[in-house]
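Colleague: Please take a close look at the aromatic pairs in this model, one part at a time, and then connect them to their surroundings.

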Number of protein chains: 2
Amino acid sequence: MSTKTENQALEALFEPKSIAIVGASEDASRMGGGLIMRFLDLHEFSGTVYPVNPKYESVNGLTCFPSLADIPDSVDLAVLSVPAKIVRQTVEALEPGHVKCFLIITSGFGELGEEGKRLERELMDLIRSKGGRAVGPNSVGSINLWNGAVPSITQLLDRKDVEPGNVALASQSGAVGAAILTEAERQGIGTGHFVSSGNEADLEFSDYARYLVDDGQVGIIGGYVESIRKGEGFIDVSRAALEAGKPLIVLKVGKSDAGAIAAQSHTGALVGSDAVAQAVFDSSGVLRAADGDQFIDFMKVFNKTPASHGKRIALVSHSGGAGVLAADAATEAGLNVAALPEELRAKVAEILPDYAGFNNPLDATGPMVFRPDILAECLRIFLTSDHYDAAVLSVKLIWRNGLELIEELTKLHADVDKPFAVSWVAPHENAMEAIRKAPFPVFSDPARAARNIAARLLYDDRLRVLLADPRPSRDVEPGVAGEAPLGNVENQKAVLEAYGVRLPREMVAATIDEAEEFRAALDSAVAVKIASPDIAHRTEIGGVVTDVRGEDELAVACDTVNNNARRHHPDARIEGVLVQEMVNGGLEVLIGVKRDPVFGPMIVFGPGGTLVELIGDVNMLPCPVSEAVAYRLLDGSVLGPLFKGFRGSGPLDLKALASTIARVSWLAADRPEIAELDLNPVAVLGDGDGCVAVDYKFTVGD
Amino acid sequence: MSTKTENQALEALFEPKSIAIVGASEDASRMGGGLIMRFLDLHEFSGTVYPVNPKYESVNGLTCFPSLADIPDSVDLAVLSVPAKIVRQTVEALEPGHVKCFLIITSGFGELGEEGKRLERELMDLIRSKGGRAVGPNSVGSINLWNGAVPSITQLLDRKDVEPGNVALASQSGAVGAAILTEAERQGIGTGHFVSSGNEADLEFSDYARYLVDDGQVGIIGGYVESIRKGEGFIDVSRAALEAGKPLIVLKVGKSDAGAIAAQSHTGALVGSDAVAQAVFDSSGVLRAADGDQFIDFMKVFNKTPASHGKRIALVSHSGGAGVLAADAATEAGLNVAALPEELRAKVAEILPDYAGFNNPLDATGPMVFRPDILAECLRIFLTSDHYDAAVLSVKLIWRNGLELIEELTKLHADVDKPFAVSWVAPHENAMEAIRKAPFPVFSDPARAARNIAARLLYDDRLRVLLADPRPSRDVEPGVAGEAPLGNVENQKAVLEAYGVRLPREMVAATIDEAEEFRAALDSAVAVKIASPDIAHRTEIGGVVTDVRGEDELAVACDTVNNNARRHHPDARIEGVLVQEMVNGGLEVLIGVKRDPVFGPMIVFGPGGTLVELIGDVNMLPCPVSEAVAYRLLDGSVLGPLFKGFRGSGPLDLKALASTIARVSWLAADRPEIAELDLNPVAVLGDGDGCVAVDYKFTVGD
C-alpha cells in the first residue's frame, strides 16, 4: 500500500505546481538543467519554474536562486542535475518540508558499486529526514505531456508537436525508456506519462504504477523492468490495474544468466528467478512482451482497440496467402478462427467476385486492392454480426487507394465497438503518415497483426477470469497444532496434518503383536522402519523394509530392522518399529513450496515421483491460493491428460488434490520460516479416495 | 533431379534471349501485357521483345504479331496475359519446339475448383505436347534484375533504381511474394531474382530452387511456400543448397487447421502434415521463418553478414538495458555470451569511461552516443580477437552522429570477416537512408538483432554438422527373408527379424512339457497365449496369461488358456500354446514409421509404452537414415536425461537403439507398402544388452 508521503511525492512529480531546476542554465545543448528549462518552456508548463544556480542572477528571464534553500516558497518538485557532491549539499541545506519530491538526474551512485550504494543510502536517509521522497538517482526524468510538466532530458521533447495519449511508461533504464517512448511516438501511439525510475533508491516501479493506475488520463501502463524490488507491492498493483481494467504490460529482462549478470552490474539489483516472475505475471494478468518490438506492438493494440468480449476472429485479405499466415498465427495464439456462417457468406457474396474464397479467412481476391470500400464493408459485415468478436484485415502495397482505405476503416472504427487490426505489408509512402495517425492499429505482417489482436482478446478473457476469482479465503483452520515448531519430524507431521494433508497411516509398535494388529487392520502392504530417536539414517543401516505383506513377512521384517539397528547402533534407544501404510497406485505428483526472495512463498505443482526426472515442468502461484484458484495449476499442468484416468483407473480425485494444494499454500503463507517444502510423491487416488503425501521434506530457514 | 526440358525452360525464364508478350498493348495502367512491356523497357531488357495482339500492328514502336504462332523465330519465353480461353487457342496453334517456356499470368484455372483443374491439366498436356514447360497459371511473373528480364506485373518494377542483389525469392502466392519483395527492397535487401510460381501446374518450387542454387548470381534463396508437391525434389534441392553454401529460407504456412483449409481453397493443394515438413526442414538445414517479418529479417542477415565459424557473441551497447535484452535473446537462441577476457577488458578500458560496465554485454555508457568512433572501436577490438565469433551493437536514437556511426561500421564491415548486426531503436530521420543502404544488417530492437545474428551463426554451425553426415548407407542386408509379403503375423515377424529387429524369444508348444522346457531355458517370466489360426482376439476370451513364473504357474496358465479357448471357440483348431519371453525393465521407447503423402516414409522416435499418453513428443527423419544420423533423433529426444541411467540402471544401450532405428528406416524405405509401423514398446536395456521390440503393429497399404 502506498503511504501519504508517497502519494504527495508522486502527485508533486506528475502534477507539480512548482518545479525548481538545480543546475539551471541557458545552455540547452548539453543534457542537464539548461535542456530541462528549454523543454518546460517548449511544452508550456504553466506552474512556477525556479532556476537554481549560484553562477547566474537570472535564467531565461526568470530569477535564478543561488541554492534550493533560498527559494522562499515551498517547492513541489526539485530536479537535481548537478554533481553528486552538490546534490548532498543541496539537500542538507533544506528545511524539512520545503520540497516534496526530488528528481535526481545525477548519476554516479548505486550503479558504481558498494561505495556508491552507501552514498545513495545516506542521501536517501537525508531526503527522508527532510520530509521528501526521491526519484532516481540516475533518472533521465519524468514527463506528463497533458500539463507540460516535462522535467526530462529526453530528446523526444525537442519537438512541440508530440501528442499525449492514454499510455503511461515507467522504465528502469533511462536509455531504453527514452528509445521506446520515441519509437512509440513514431508509430502513432499516444504516451501521456513517462518516468525513468533510475536506481530506485526510494520510489520504485510498483509505486509509479500504483499512481498511474489511479490517474484518470492513463489507460495503459507499460513498464520496462530489470528487477522487481517489492514483490508484494507488484502483486498489489497488478491486481489494482486488473480491477481498473488498465492493462499492465511489462518488458521484463534478465531471463538468461548473461542477462542477469548484466542487470546486476547495471542497477546493482538482485534479479529474482525469472520463472517465479513469469508465474506472478500469469496469475496477475500482467502481459509480458518478449522484446522491445512486441512491447511497442502491445501498447499499440491496446491504445487503438476497444475491449473485446470473445475469441472468435474473422480474417479478411485480398490474397489467400496473407489469410493463411493470419489464420496460422491466430490459431497458434489460441483464437477461434470460426467458420464463415452461411448468412454472412451470402452477404459478402453480394459484393465480392464469384471466384472469391468464401471461407474464414476470406480471400476477397486481388482486384479488391482497388476497392478499399468493399474490403472495409466485408469487415463491417463480420464485425456487426454476432458471429465474430474481432477481425484482421491483411492488405499489401495498395499504391493508389491507401488513403481511401484508411478513411473507410476510420469510419468503421468509429461505428463498431470491437477490436480490429490491419496488416499492411509495404504500404506506399503516401499513406505512411495516415497509417501512423490511424485510430486502429496497423502492423507490417499478417501474423503479427493476428498475434497482437490475440493479445488483446486473450487479455480481456483472462481479465474476466481473474476478476471472477475470489480473494483467497482461508480454506483451513489449523488451530494450535499448526503452530508447532518445525524442528523435528513429529512436529512436522503434526503441522502437515493440522493443515489437512493426509499422510500414510502409521504407528510405532512396541511389540510384534501390536505391529501385526495394526497391519491386519490396514489391509495393505506396509513398510517397517526402526523407531529410534538416535538413528537418523535408517535406510543406510538396513533399518527399513518395504512392501511387507502378511503376518510372516511382517515378523521377518521386524527382526531384520531390530537386528540391523542393534548391530550398527548398539547404544541407541529403540522405541519399537514404525509400521507404515504403503500407498500403491495413484498418479504421483509433487506439491511444493518455494520461498522467493522477491515474491515470497510460491506454491508449486508438477509431476512427482520418478516422473520428476523425466518431466521437470511445474506450475506456480503466489501463496496463498483458494481451492478454486488451485484448480488453475491443474488446468495448466502437463499431467492434464492423465487426470481423467491413468493406467486403467477411473478419474482421479482432483477435488482432494486442489484442496490439498490450497491448504499447503496457507501453511506456506502462515509459516515464513519454511524456505522450502517438498511433498513428493503425493499419490492422487481415484475420485473420492483422496490423495496421500507419501513423503515430504521441509527446509526450514531463519 | 531436373530434366533437360526443365533446365531449358528455367534458363529461358531467367535468361531469355527473346520474350513474346501475348496480350501486349500500350496501356500500362492495367495489370497485363501493357504493364509488362513497360517494365521490360524501363529495366532495359536487351533481348528481343515480340508484342502479340491481333488488335495492333505495332506496340511501342515494335512490330506486333497477331498470334504467337506468327512469330517467325523460335521464342525462349512466351508471357500469356490473356483470357483463359485464348491461352489455349494460342498454344494449340503452335508448332512443337516454337516456345521453350510459357509464363502464364492468366488466372481462372486450378484455383477455381474441379472444372478449373481439369482445364489446367489439359493445358499442361497441350504445352508438353508442344515441347514446352509452364510457369503458373495464376503467376504475377518473374524477375531477373541482373539482365532486365522482368516479365511481371509487380508494381515494385515501376521504379528504375531497384538494385539487384544475391537474394532470390520464389513465392507460391503472387501477392505475398510481391509484398515481401517490396518490403525487402525498402529495407535495403538486394533481390536479384523473383518468381511467382502460381498454381504450379507444371514447374514447382523445387524446380525453381534447384535452378537458383546453380545460378552464380544467387547466394540466398527465399521461398514462400503453401504446399510442397514433390517431397523428394525438395529434399534433394535442400541438400544441393547446403552443399553450395546457399541458405534456403522458407516461410511455410498452413500450420493450423484454419490455415490448412484456406491453403486448400487457395491453391487447390493438399497441405501435408506440418510436423513432417518441420522435421524435413530440420534435417535438411532449411531455415524456417515464423512470419513475414522474420522472413525478411533472415534474408537481411544472410544478405549482409559473412559466414561465421563459432557461437561466441560479444554484445556492446551504450546502455545496460539494451545489453541485457540482447544477452537474454542470444542465450535463449543458443549462443554463448562468453565472458569478457581480461586482455580485451584492458583494451576497451583504454577508450571507455572508468564507470563503464566491463562485462559481456559491455555497457559503454550513455555519453558514448556522441562517440560512434569509440563504439565501433569496441566492436573492432572484440571481432579482431580470437575470443568472439560475432557481435551485436545496440544503440538508440543518436540524433547527431548517426551518419558517422554508419561510416565507422562500414569500415569495420570491410575489414573484419565476422558477422555483426546493429540494433538501432528509433534512429533519426537523417540516418534512415544510410541505414537502409548499410552493408551490415540493422534491426529495430536488441533482442531482434541478437536473434537474427543467432540465426546466422546457428545455420553455419548446422551446415557444418549436416555436411559432415555421410549419405545414408545401407546398414542392413535383409536378404530374401526381408521380401516376404506382410499379410500375416509370421511373415511380419520374419521380416522384422531379417532387418535385425530383436523380438522377444517365443515358441509354439504342443504340450505342457515342451512349454516348460522352453520356459526353464529362458530363465525369465513368460506370457502364455493360446495358439490358434482361428482365434483373432485372444485377450478378450481369456486366451492370454502374463507374468507367468515357475513350473506350477505355467501349468495353470496353459490349462486356463486352453479351457477358455475351447469354451469360446469350440470349433477352433488349437495348435498349442505360444510361450513368450517377457522383457522386464529397460526404458520403453517407440520406434515408428509413418508414410507421408509428400515426403514418403518418416522414421519416428519417442517415448513408448505408458509414457506415450503422457509425453507425445516425437522426433522424425526422412527414411532411410544411417546409424550415425539416427543418433540425432536420440540427441533431440525428451527422453535424453534418462539415457545415462534410468531408475538406478546403468547407461542404456544407445548403440543398439540407433542401429535398430537405422535398420527400421531401411525397412520403411525398401517396402513402400508399409503405410505405418509401430514398434511400441521397444525396451532399451543396459549397455551391451541391446533392445527388444516387445510389441509391434504394421499398417499395410496398397
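Modeller: I begin with Phe234(B), which counts as buried because its relative accessibility is 0%, under the 20% cut-off for that class; this, like everything that follows, is computed from a predicted model. Phe281(B) counts as buried too, because its relative accessibility is 1%. The rings of Phe234(B) and Phe281(B) have centres 5.6 Å apart and planes at 55°, so the pair is classed as tilted, given that an edge-to-face pair would need planes over 60 degrees apart.

In chain A, Phe234(A) and Phe281(A) belong to one aromatic cluster together with Phe205(A) and Phe599(A). Over all chains, a search of the whole structure finds 18 aromatic pairs. One of them joins Phe302(A) and Tyr459(A), whose ring centres are 5.3 Å apart and whose planes meet at 85°, so that this pair is edge-to-face. Here again distant parts of the chain are linked, with Phe302(A) in helix α10 of chain A and Tyr459(A) in helix α16 of chain A, 157 residues apart. Both Phe302(A) and Tyr459(A) are buried.

Turning to the interface, 70 residues of chain A are in contact with 70 residues of chain B, and the two chains bury about 5300 Å² between them, 63% of it on carbon and sulfur atoms. The rule finds 4 salt bridges across this interface, including the one in which the side chains of Asp293(B) and Arg448(A) meet at 2.5 Å, N to O. Among the elements that give two or more residues to the side of chain A that touches chain B are α10 (292-303) and α16 (446-468) of chain A, the helices that hold Phe302(A) and Tyr459(A). The largest share of that side, however, comes from α11(A), with 9 residues. By residue class, the side of chain A that touches chain B divides into 35 nonpolar, 18 polar and 17 charged residues.

For a view of another part of chain A, Glu581(A) has its C-alpha atom 56 Å from that of Phe302(A), the two being 279 residues apart along the chain. Glu581(A) lies in strand β22 (residues 576-581) of chain A and counts as buried because its relative accessibility is 10%. Its side chain is joined to that of Arg505(A) by a polar contact of 2.8 Å.

Terms used:
Residues are numbered from 1 along each chain as its sequence is written. Chains are lettered from A and ligands numbered from 1 in the order in which they are written. This is a predicted model: local features need pLDDT of at least 70, side-chain atom pairs count only at pLDDT 80 or more; totals for chains, interfaces and linings use all residues. Side-chain values use heavy atoms; hydrogens and water are left out. Contact means heavy atoms within 4.5 Å. Buried area is the accessible area (1.4 Å probe) that two parts lose on being put together, summed over both. Helices (H or I, at least four residues) and strands (E, at least two) are DSSP runs, numbered from the N terminus. Ala, Val, Leu, Ile, Met, Phe, Trp, Tyr, Cys and Pro count as nonpolar, Asp, Glu, Lys and Arg as charged, and the others, Gly among them, as polar. Buried means under 20% relative accessible area, exposed over 50%, partly exposed in between (1.4 Å probe, protein chains only). A polar contact is a pair of N or O atoms within 3.5 Å; within protein, one must be able to donate a hydrogen and the other to accept it, and residues adjacent in sequence count only if both atoms are side-chain atoms. Rings of Phe, Tyr and Trp (its six-membered ring) pair if their centres lie within 6.5 Å; planes under 30 degrees apart count as stacked, over 60 as edge-to-face and the rest as tilted.
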